[in-house]
Amino acid sequence: MNVFQKAIYKLVPRSIKQSIIKESATKSDFSKWMGRVFFGLENGTLETNENIFSIVSRLANVLSSLPFKMYKNYDQVNDEFTDRLVYFPNQNQSLDDIFKVLEVSRNTNGNGYALIFRDIRMQFEKLVPFNPNYVEPILNTDSGDLWYRVNNGGKSFYFHNSDIIHVKHIAGNGNWKGISPIGVLKNSNEFDKSVREFSLKEMQTARDSFILTYDTNVDDDKREAIVADFRRFYQENGGVLFQESGVTIEQLKRNFIAGDMKISEDITRDRIANVYNVPNIMLNSGGNSFSSNEQVMQMFVDTNLASTVKQYERECNKKILTKEQRISGLYFKFNLNGLLRGDTTARVALYHGGLRDGWLTRDEVRIKEDYAPRGGPADMLWVSGDMYPLDMDPALRKITKRNERDVSE
């Protein structure tokens, strides 16, 4: 923001911001914004389509459970600021709760918004998620700045883009709003719903069928009596049926699941996986091409999660941290190592290579495996060949007789 915008910010926006959530804040539940994230098409689809509910909840749970920390030149920072941000970004939520709300909004509406409150020194004070259906990005043609119009109670409030965390799916050229994945899947969902309704209607209307076999010597009157007796038994849905000599009753088996229903289900799952850029095995479909869980997670991170976490990191680094803090080396970062650790065999091979090649310490390995560091030599880098410290004088290393030579020559 320029000097004029900062002046306006100090004089006006704080009262405006407070007016937006004052009713919710007094109730201590943010009811006006939070807990009412989904409306219309997104809400109906998320609550009635188990496949979309499954993938949206998995994506939100994975991202919100990732370690999110602040670093300074690769060293983790733990101070009052990070404690407030992670555990008390507002009086009712922790940061992982807010990330989960934003990610669910992003994967349904296509956009997730959160308002940054600042104190008189322009430092971070509070973070509150918005309902995406009430927010509209607007570009100021005079200054070129992006603003967000927030509708609340029949009134419109405007916030500069530096005060809004905005995470989104891809957007078309010239459009600041992300495309809704559920909107993209609308035709697929309607087709899947039609197939399900048709199959359900078939199962509800189809009645049990039987084959009545009787000998050729049964006369017409007796045949009509047998059929009438069976018709009565069928209409009364049970009872006593006397099977006379020469008459055989055989029930035709019913198939309650139409063959086309499973094909439609598989097609819908594949389309959902394509739209959300996840391996279809995450929707319990396919997965035969993966030989290990490590391959599945690597593909998931490469095609989906890496770009998502980068978007969250950029937004937080740009809008929560000040320019001076960024220049000093501070930055936020998600840790994806937990998803890529693989099985025991893969981790042992990785750690073994890192230890012997001198780019991992034993304490770093212990920390990755949730063991307490030991300090001392365990916090030193070693090199292979009887494992010497990297900074050790080569002359002090133990030398075998075969490698000994007269240094006086």
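Me: How many helices and strands does the protein chain have?

Reply: There are 14 helices and 13 strands in the protein chain; helices (H or I, at least four residues) and strands (E, at least two) are DSSP runs, numbered from the N terminus. The model is predicted: local features need pLDDT of at least 70, side-chain atom pairs count only at pLDDT 80 or more, and totals for chains, interfaces and linings use all residues. Residues are numbered from 1 along each chain as its sequence is written, and side-chain values use heavy atoms, with hydrogens and water left out.

Me: Why is Glu369 called partly exposed?

Reply: Its relative accessible area is 21%. Buried means under 20%, exposed over 50%, and partly exposed in between (1.4 Å probe, protein chains only), so Glu369 is partly exposed. Glu369 sits in the loop between H14 and strand S12 (382-383). Its C-alpha lies 9.5 Å from that of Gly338, which is 31 residues away in sequence. Of the 409 residues in the protein chain, 37% are buried.

Me: What makes up the lining of the largest pocket, by class?

Reply: The largest pocket has a volume of about 1100 Å³. Among its 28 lining residues, Tyr71, Asn335, Asn337, Ile367 and Lys368 are the closest to its centre. H14 gives the most to this lining, with 4 residues. By class, the lining has 14 nonpolar residues (Ala, Val, Leu, Ile, Met, Phe, Trp, Tyr, Cys and Pro), 9 charged (Asp, Glu, Lys and Arg) and 5 polar (the others, Gly among them). A lining residue has an atom within 4 Å of a point of the pocket, an open set on a 1 Å grid over the protein atoms alone (1.4 Å probe), with protein on both sides within 12 Å along at least five of seven lines; the volume is the space filled by probe spheres set on the points, joined across faces, edges and corners.
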